[in-house]
Amino acid sequence: MTERHSPLASGAATILLTGGAGYLGSHTCVALTQAGYQPVILDDFSNSDPVVLDRLEQLLGQPTPCVRGSTADTKLVADTLKQHKAAAVVHLAGFKAVGESVAEPLKYYANNLGGMLSLLQAMASTDCRTLVFSSSATVYGDPATVPITEDFPLSHTNPYGHSKLVCEDMLAALRHANPGWQTGVLRYFNPVGAHPSGLIGENPRGTPNNLMPLLAQVAAGLRPHLDIYGQDFATPDGTGVRDYIHVQDLAQGHVAALRALLAGQPSFTVNLGTGRGQSVLEMVKAFEVASGRSVPWRLAPRRQGDVASCFADTTLAERLLGWRATRALHEMCADAWRWQLSLSGQTQPTPIGRPGSRPP
Ligand code: UFG
């Protein structure tokens, strides 16, 4: 079902953007449009809100065409590709909660693998064979060393990670069978932050799984404290180290990947991270500075499956795509905080003078 129409900009290459109303999708939609592409969103709104379309229109000054539906609907995808004469697909639709994937594996295999299979069938049937695919650093499992380069051994520890690996394998098989396929596989590290306008950002349903939205909710007083999962990792302060990357930088990475593929560059697989690792305690401090609020925390046992340290070697993305992340940690935190305030209907930080708690 087509939900919204708008005249397509003449001459702009049309890009089917699956999951375009989601967290990463909405930022990528803005980046693609500002780079001169015409995104057409395909989203089933299973984990996103149609109000995002209004926010995108506010930001872009024009509506973005949107088709409401699933990538599992092969006919719908093929019809959409044909109708809009899409030059390429950026595929972001998929489930991403690690814990949920362990509890409900079939849901993940059905959606992430079924959706990918159907999408690729639709693309093959319409001769659209250029794809940017959202993969994840989770495909490196528990890396033996850091920083991680793209040739590190691959493994999986949960159905979500397995689904990403199988999708990468599907693309490799397609390229082998038909060199006409051009694919850009992007292995994201930890996307955080929000658009600086405060109009779009991550709006997790229920309890967030990830650190940054939890930090924001604790700072906003919506939660009493943050649980820090483990302080006995082999890291400088004992807490887990990750490569947090601003979602705006990640969105730019998609534009760079698409541009390279459309210019005829051979298929590639690259890490999208900053190349720097931050510990949980460093994140708490950075968020306190950005928000002007205290973030009480307490120690909790390690979370099952968490690795000590995970950050990217970003050399390959820089060499192949001419892309690198430019936004610093304080921007990630400031933008996440602005978004949190807009979610709770506030416009300015109003320090509440709540003392931070520290473990004895
Ligand atoms: N953490 C806490 N307390 C919390 C939440 C997280 O201490 O309440 C810690 C974690 O232990 C970890 C760090 O904060 O050290 C980051 O945790 P996230 O859940 O934000 O992110 P992960 O690195 O665990 O997972 C992310 C994505 C996954 C992806 C993975 C790949 O959410 O989808 O990166 O590296 F698979």
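View 1. Leaving aside neighbours within four places in sequence, Leu17 is in contact (heavy atoms within 4.5 Å) with Gly25, Thr28, Cys29, Leu32, Pro39, Val40, Ile41, Leu42, Val90 and Leu92. Leu17 lies in strand β2, residues 14-18, where helices (H or I, at least four residues) and strands (E, at least two) are DSSP runs numbered from the N terminus. Leu17 counts as buried because its relative accessibility is 0%; buried means under 20% relative accessible area, exposed over 50%, and partly exposed in between, with a 1.4 Å probe and protein chains only. The C-alpha atoms of Leu17 and Leu258 are separated by 12 Å, although these residues stand 241 residues apart along the chain. This is a predicted model, in which local features need pLDDT of at least 70 and side-chain atom pairs count only at pLDDT 80 or more, whereas totals for chains, interfaces and linings use all residues. Residues are numbered from 1 along each chain as its sequence is written, and side-chain values use heavy atoms, with hydrogens and water left out.

**View 2. The shell of residues around the ligand.** The ligand is surrounded by 20 residues, the closest being Asn210, Leu211, Asp227, Arg242 and Asp306; a residue is near a molecule or strand if one of its heavy atoms lies within 4 Å of it. By residue type, the shell divides into nine nonpolar, six polar and five charged residues, where Ala, Val, Leu, Ile, Met, Phe, Trp, Tyr, Cys and Pro count as nonpolar, Asp, Glu, Lys and Arg as charged, and the others, Gly among them, as polar. At least two residues of the shell come from each of α7 (211-219) and β9 (226-229), and β9 gives the largest share, four residues.

View 3. A polar backbone atom of Asp227 is 2.7 Å from a nitrogen atom of the ligand, while a backbone N or O atom of Asn209 lies 3.3 Å from a ligand oxygen atom. From Arg303, a polar side-chain atom lies 2.8 Å from an oxygen atom of the ligand. Of the 690 Å² of accessible area that the ligand has on its own, the protein covers 90%, as computed by the Shrake-Rupley method with a 1.4 Å probe; for residues, only the protein chains shown count as cover.

**View 4. Helix α7 and what covers it.** Nine of the nine residues of α7 are buried, among them Leu211, Met212, Pro213 and Leu214. The cover over the buried residues of α7 includes β8 (190-192), β9, β11 (244-246), α9 (280-291) and α11 (329-343). Just after α7, Gly221 takes a positive phi of about 80°.

**View 5. Aromatic pairs.** Four aromatic pairs are found in a search of the whole structure; rings of Phe, Tyr and Trp (its six-membered ring) pair if their centres lie within 6.5 Å, with planes under 30 degrees apart counted as stacked, over 60 as edge-to-face and the rest as tilted. Tyr140 and Phe152 form an edge-to-face pair, 6.5 Å centre to centre with 85° between the planes. Tyr140 and Phe152 are twelve residues apart, both in the loop between β6 (130-136) and α6 (159-177), and both are buried. The pair of Phe287 and Trp337 is edge-to-face because the ring centres are 6.0 Å apart and the planes stand at 90°. Phe287 lies in helix α9 and Trp337 in helix α11, so this pair ties together parts that are 50 residues apart in sequence. Phe287 is buried, with a relative accessible area of 0%, and Trp337 is buried as well, at 3%. Ring pairs also link Tyr140, Phe152 and Phe189 into a cluster.

**View 6. Backbone geometry in three loops.** Most residues other than glycine have a negative phi, and most peptide bonds are trans. A cis peptide bond, with omega about 0°, joins Val146 and Pro147, and Pro147 lies in the loop between β6 and α6. Lys85, in the loop between α3 (74-83) and β5 (88-91), has a positive phi near 50° and is exposed, with a relative accessible area of 70%. Asp127, in the loop between α5 (105-125) and β6, has a positive phi of about 60° although it is not a glycine, and is exposed, with a relative accessible area of 59%.

Note on methods. Polar contact = N/O pair within 3.5 Å; in protein donor to acceptor, adjacent residues only side chain to side chain.
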